Amino acid sequence: MIQHTQSASQTAADISPEALSKIEAIIARYQDQPGALMPVLQEAQDLLGYLPVAVQERIAAGLNIPGSEVFGTMSFYSMYAWAPKGKYVIRMCESPPCHVNGSENILQVLKQELGIGVGETTTDGLFSLELTACLGVCEVAPAMQINEVVFGNLTRDKIKQVLNDYRAGKAVDYKQLPYTTNDFRKYKQSPQELVVLDNVGVIDPMKIDDYLAKGGYSALKKAVTSMTPEAVVEEVKTSGLRGRGGAGFPCGVKWSFTRPLTATPKYIVCNADEGEPGTIKDRYIMEGDPHKVLEGMAIAGFAVGASKGFIYVRGEYYLSKYRLQNAIDQAKAQGYLGDKLFGTDFSFDVEVRSGFGSYVCGEETALIESIEGHRGYPRAKPPFPGVAGLWHQPTVVNNVETLASVPAIINRGGDWYKTLGTENTTGTKIYQIIGHVKTPQIVEVPVGITLRELIDTYCGGLREGSTFKMCQTGGASAGLVTADALDVPMDLASLAQVGGALGSGTMLVMDQSVCVVDFMRSVAKFFAHESCGQCTPCREGTPRILETLTRICQGQGQERDLDFLERLAGTMVDASFCPLGQTAPGPLMSALKLFRPEFEEHLKEKKCRAGVCRFA
Amino acid sequence: MINLTIDGKALQVKKGKTILEAALANGIHIPHLCYHPAIKAIGSCRICVVEVKPGPPRPQPACTTTVAEGMEVITQSERLQDLRRELVKFILVNHPLDCPWCDKAGECLLQDLTHELGIDVVDYEAVKVPPHIDYESRLIERYATRCVTCGRCVRVCRDRVGASAINFESRGYFTELGCGHVPLECEFCGTCIDICPVGALINKLFKYTARSWELTKTKTVCPYCGGGCNYEVHTKNGHIHRVRSQGSLLLCGRGRFGFGVLEAPERLHQPLIKKDGQLVAATWDEALDYAARGLKEVIDNAGPDALYGIGSPRATNEASFLFQKLIRAGLGHNNLDSPARYNFARALAGIAAVFGEAQVSGVALGSVKKGVYQSPWEVQEEAKGSGFPFVLGNAHHLSHADVILIVGADVTPEMPTYGWRIMDALKNENFRLVVANPRKTKFDRYANLNLRYQPGSERLLLIGLMEAVLEAQPGYSPHLEAEGFEDFKKTLLKTSLSKVAKQAGVKDADLRQAGKLLAQAQAPAIIFGHDLMAQEQGQDNVIAVADLFLLIGQPCNKGSALYPIAEKNNTRGVCDVGVMPNYLPGYQSLAEGGGAFAKLWGKPVSDKPGVTLEEMLDQLENNEPEAPRALYLLGGDLVRLLPNRQRTERLLQKVRFMVVQDAFLTDTARLADVVLPVAIHAELDGTYTSTDGRLGCLQAALSPNGTRPDWQIITELSQRLGYPMKYGSAPAIFAEMVQLMPIWAGIKEGHRWPHKKISVSLNGKFVPFSTEISIPGEGKYTLIVGKTLAHSGSYTTHAHGPQTIMPGAELKINPADAQALKVNEGEPVKISSTQGEITVPIAVTVEIPRGVVFLADHFSDTPANLLTSNSNLCRVQLQKG
């Protein structure tokens, strides 16, 4: 949970005339564009490190938007700053995956090493220490980010070494890194053919020629020059491709709603706000093969009649944003994006927009609000974005992995694609196995693999000395499964049957060292932090769950707490506005069902069998 | 229509309605909190959830779910009531429950919900969030701990008021309201107070003065601008404690917080008469006798023509009507006018020049007796009307216009109601807004195009717009029957577009784009105001506007009309009921209309037009034999409000005897021989006519406390002058007035004239106007004297609320100019013109372009009209004060 306040005394912030003129230049560049607020704020913050009131004022006046909207928007997102910070901002991840890998201990180490608390800056002005709800680098949990650069698999020694390097002026330039976390090709590879990740780790993502050499943009060319938009929609329908963001809505069907609409302009939005804890797949695609995403977007644009696309990348994914922008520039230069593609009347342009620390913006209508420059409040549906989305125009919102699957479908046909995977969920899926396995990794395989195969075949089994306790499949909002589910095919329908969810395809594997109550507290903390606050049940319910679980973990629980939690959960599920509030209590409800004795031990015996909770 | 059932009751509902709207309209109660009919539903509190079949298993919010054919809705069930209880408990858990001292008690939705749902305990605790107040408002008290985060205030401020002064800040459990700490954009309208379902926003003027259930509510009309807002005054023990909008929530700050004018310590409660050069208190009889004696002496010596009457745009229709009757029937001449001469009367004259005089036929006196404040004239099937009143727009239709051009008006300060209508129009996605003003005004933010022209160059701009329309669509011709188009094109429109653009200081391309928008418009409307009308050549400016409207106007389409802004509550009314030297009531000509009047009044009515207020002052200036020897002023603080203060003062001193009726000892009243204190605002009965011709009915809620209504004073004076006029009440005067005004046929409370059933046949002729642009005086800066939102005329300077917001004049100036003058924000600057000089502090703002400065004209200690000559524009010199 975050509370943002700024004090009026900051109005006196001393900004140099040079900096101000640069700010004016940023404003001028975006002035006539709709939805300019977020990019302008981000560039201004890049320039100054924070956004003093005087700068907010300039931006409000320059973009001709109310000052209350500038701060209202800024304060919604956790990455904006309006007070000066250290040269290096350390953001320690406290997401559930990092939590089960000991992030609380690592935080203590950081505090000790830096000599400051959370929210403070070292006296030399070098480091500020902050917590973040999720960095999206769960395969290297526990992790932290220093400015744009991620450091994972943290230990006391590693932290010492990194801090020493930074103190010695050896800061890392994220643009020079090959990848944010790991080399995909070092992971255990699937014997089957890769559809989405085929180029990742093979081509140079900064070179369009590498992509072209692999047949890049041939699907776009094929669609644009030899197919009708309707045929493209039909092909994707045939493929059975379902949305890979979590909800699993059939992609071709979604497109077919927007295609016939006469309203113009229409938009394609690629949802790259990969915020679901445990979910890391889209980063590999964007970092390793950015053109594939762009090609998928352009094909979608052709199919539905849109000529403008936005790719909304989560704020922490600096390298993804950098590579996507580079790819866009190159594709434009070579005529794969821009006006009149392949000599036809079809034009398509893509703009990168950055999220800035808000999980709910992964919800499509909140994401749209965010692109428009507002607080990320989900909209009431209907109307659905396909009919009235961005600036109330028809808008197709698809996940990165979904769009990256499209070029292969166009090139090789929907019939080919649906031979992969299960009947219920066709194609390949990028699974992400994290937590207490030997080597957390991602793998792209046809849908339908079992959890046991994922753990044993790809991740080398559980880590040393571990016994399997539970797995949270599909992301932080999904339910838990126990060992009973190890042999269930990981597709949408089968997982739903056992109380899990395919979701984004992430599998947070947990062993006996995890206390289910403590884990639920960590999940609750995440949702309380990320609740947008628009609707009553989620705004008030998420912190109540967190407070109650915290009390239980501290040994101050009361017997009626479990009933209370169930009551809270029921109200949230029934009455919340958007999927965040509706699903946030899901894991808790499944934990209460599967592990109720553990909760009761905490309450009645003040006992934590995992030894995680310390009772005062 | 959609068929559905709600709780088993079969209903037919218009398509697109929500379940909640359908339920409320049919008397079915669904508990709700964040929903309010004045704003867009967002479904955030979730309290209105209902079960919908067919539909998702999850209950759906009734406020955002639209009705569908065959839908079955259940609004009451155990599951739903349980959910609602849990939701209200979520809010109650940390709600302060300080109802005993909360001003909202008794009208609090949370109280009602808690009571209705029978919640007697919240069986858990929650961490409290420390309240954080980022801005202390001077009129609106914030109680952050009482906030239920429903966002009603945010939505009403953003979507209806258009100020966006408040927004949500932070998120999740920490979501709170804030202003963002950049210059506060609050208009201090206080609408947020009334839309707040709880006591999170409290009216500081009301706080702790009364409990809601103790208040007596009286419906009346706001006495400030020409918007004619109906409101309720809430009184207790003979004092007014607050006012509330009636019908809509919206009021501006002057209306909501300006009622203190009633109890202002400077109010006059006793008549004053001049003794030995000093005004001293007198009894009513003494003062009336003294006044009558003085006037009679002038009449006896110099003839009745020597008494000139000056009406007031503040006075009621009834007082104004009696006033002109006294002059016309009692004295037998037409020498009367009002300060509207300097603005709205110019609009009427300019529009009349292009669209002709008012004509109406096919209306007849009805046989059935009508109610109070209702015209006896009935509109027949064949009723027809033509002329200028039929070009004047209906405010309720303004939001139907597809293009609105605002020229020479700062809409919200001049007339907030039009501003609200524009906000409504903006919801229509095909709507386009063009704002033309030398300075940045509120609606620049919402405009598709801004035309920042040089002060005073309106006529050139309008020529440019007409040329741009013709260029956008070659062969374009007026939609109305129009004379003289070809000549007009050859003469006035012969200068190239680029040239006029350059002269007016706007870009060719912008002009062309505006022309395109206007040419494509199906229902274009033009709003113009004080900035344009108050210039020396204000009437020519209006003619240019009317010519443009003749070119593009399509009055057959809803909203396509001219919308001149009448400055005060009854500016339109004072003109309508004949306080003009050239019209009888209802804009009837002196030559033709006199008969009915003479018959009813039993006195002949002169057909010789009187002189205008401007002409009368010139007569005084030139010591002409026709110059008046006595003045009878029904309010109308000429010294304060007319341009060129020193001249006005000097000329009024030439008058031998002057009677002033006013609520305050105004600058003009100080020069009078007799000052008669009048009842105002909630002390009055009678009617006002809003700027768009709507009849607003006043009801007295308070005793006049020593003062008397204008109409009563007029009758008493008239009696003493030998022309008895006997009326028992304002409605009795109204009855006589409307009987003489067939053009008001069909009018009654809340309705406007001309009546909508009168079929309109409009035609016009293009009227040339002078293209010479000059701003009087010398100096580097152009001063614009205009209006601000905090005040209305000078009245509000006597009210605590508006004075809190803007206690005195300030000169708005561009930052670069301020820097060049080496004057900082709030420091004084001396403004000097050929007429005089004043010193005021500056307010630095980018709203004002370089070389231009802006001063509001409300304040008596720093009167802007000390600087002006015969216009609201003049050149001035500035120096550090």
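The model is predicted.

**Domains**

The domain assignment divides chain A into the parts listed here.

| Domain of chain A | Residues |
|---|---|
| domain 1 | 88-172 |
| domain 2 | 208-417 |
| domain 3 | 428-511 |
| domain 4 | 516-605 |

**Contact between domain 1 and domain 2**

Domain 1 of chain A brings 13 residues to the contact, and domain 2 of chain A brings eleven residues. About 840 Å² is buried between these two domains, and carbon and sulfur atoms give 57% of that area. On the side of domain 1 of chain A, the residues that lose the most area to domain 2 of chain A are A:Cys134, A:Gly136 and A:Glu139, which together account for 45% of what that side buries.

A:Glu139 also takes part in a salt bridge: its side chain meets that of A:Arg283 at 2.9 Å, N to O. The count of salt bridges between the two domains is one. Six residue pairs are in polar contact between domain 1 of chain A and domain 2 of chain A. The touching side of domain 1 of chain A is made up of six nonpolar, five polar and two charged residues.

**A sheet of five strands**

Chain A has an open sheet of five strands in the order 10-9-13-11-12, with mixed pairing. Its edge strands are strand 10 (441-446) and strand 12 (480-481), each of which pairs on one side only. Strand 9 (residues 428-435) and strand 10 of chain A run antiparallel and are joined by six bridges. A:Lys429 has A:Val445, in strand 10 of chain A, as its bridge partner.

Key
Residues numbered from 1 in each chain as written. Chains lettered and ligands numbered in written order. Predicted model: local features only at pLDDT ≥ 70, side-chain atom pairs only at ≥ 80, totals over all residues. Heavy atoms only, no water. Domains from an automatic or database assignment. Contact = heavy atoms within 4.5 Å. Buried area = accessible area lost by both parts, 1.4 Å probe. Salt bridge = Lys/Arg side-chain N within 4 Å of Asp/Glu carboxyl O. Polar contact = N/O pair within 3.5 Å; in protein donor to acceptor, adjacent residues only side chain to side chain. Nonpolar A, V, L, I, M, F, W, Y, C, P; charged D, E, K, R; others polar. Pairing = 2+ DSSP bridges. Helix = DSSP H or I, 4+ residues; strand = E, 2+ residues; numbered from the N terminus.
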